[in-house]
Amino acid sequence: MADVARLAGVNPSTVSHVVNGTRSVSAPTRRLVLDAISATGYRPNALARSLATSSTTTLGLASRFVSNPHFADLVRVIEARARAAGYTLVLADTHDEAEQELRAVGQLVDRRVDGVLLAPSAHADAGALPLLVSRGIPVVLLDRFADAEVDQVAPENVEATATLTGHLADLGHRRIAFVAGAPGLSSSTERLEGHLGVVAARGLDADPALVLAGGSEVDDAERAVLTAFSAPGRPTAVVVGNNAMTVGTLRALRRLDLRVPGDVALAAYDDPEWADIVEPRLTTIAQDVPAMARRAVELVLERVLTPDAPARRERIVPAFRHRTSCGCG
């Protein structure tokens, strides 16, 4: 900075004001400083700036990135929104495991991020969340809710899943399987609740064996569907709880030589980009990923500015995408 100041013929404080935007500088002086910065290749010291301002202009995103395209879609929008607000996004993969999640969040804390976006695991309220709250770091829970007084934004799950099961019931199906996500996640619990609510209200087959443990994973879902649809009295339809499990379900049905929708009607929560190009085209619930990502960034930046404001819980309403895998032409 001193070299830039000498070359531009100004005080170092003037260089600081130009770089940090902390005070108005005349256009001619600003041009001298910018030309000197260009000539010297000067880059502000981000660490020194963070020590002086108590801000690193970074946000952390702790989530499961491996094997789930849904979170990759979230990352793209969150990064763009953070960048537009002048922040750099730092990623940390939790693998949806409590120990790894705590480690990942701890690394973000050590980097002095200004705020954290967290897609919580089933045990976040016993590890990662208390760490963030105790350090006073602004946090927004993303995609899933948890029992904590922090800002949270997630899709609506109960009514959305009920729409899928109700649609299959309208088509005459009474024995409808549900491929459920990993236990302990709010999204898994709520989507199962939506399905079972329709089963009870419409008098459908309430056989507990129709709830399949998909574990939110491709392989777990494939194994569960193979077992359930190989048994006598197999279901005539299936609702799947997320996009990864939809892949596993389709693999299992293909291995069993069961056609969708000829032999088994299918509807799924989550709308992957290939849902409308495979045959049959998938009937799904499509989350508004951009809206959820944008709102999460807005919430965490607002929390940075107003740390003592009441916590907020918000739902983003998804859309029903009616296609042909349910058996409709």
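Buried means under 20% relative accessible area, exposed over 50% and partly exposed in between, with a 1.4 Å probe and protein chains only.

**Figure 1. Burial and surface of the protein chain.** By that cut-off, buried residues account for 50% of the 329 residues in the chain. This is a predicted model, in which local features need pLDDT of at least 70 and side-chain atom pairs count only at pLDDT 80 or more, while totals for chains, interfaces and linings use all residues. Residues are numbered from 1 along each chain as its sequence is written, and side-chain values use heavy atoms, with hydrogens and water left out. The accessible surface (Shrake-Rupley method, 1.4 Å probe) is about 15,500 Å², and 52% of this surface belongs to carbon and sulfur atoms.

**Figure 2. Elements and extent of the fold.** The protein chain holds 12 helices and 12 strands, taken as DSSP runs (H or I, at least four residues, for helices; E, at least two, for strands) numbered from the N terminus. Its radius of gyration is 25 Å, well over the 20 Å that the globule rule gives for 329 residues, so the chain is more spread out than a compact globule. The radius is taken over C-alpha atoms, and the rule is 2.2 Å times the number of residues to the power 0.38. The C-alpha trace spans about 85 × 40 × 30 Å along its principal axes.

Figure 3. Thr246 lies in helix H11, residues 243-255. Thr246 is buried, with a relative accessible area of 1%. Beyond its neighbours within four places in sequence, Thr246 is in contact (heavy atoms within 4.5 Å) with Val240, Ala268, Trp274 and Leu282.
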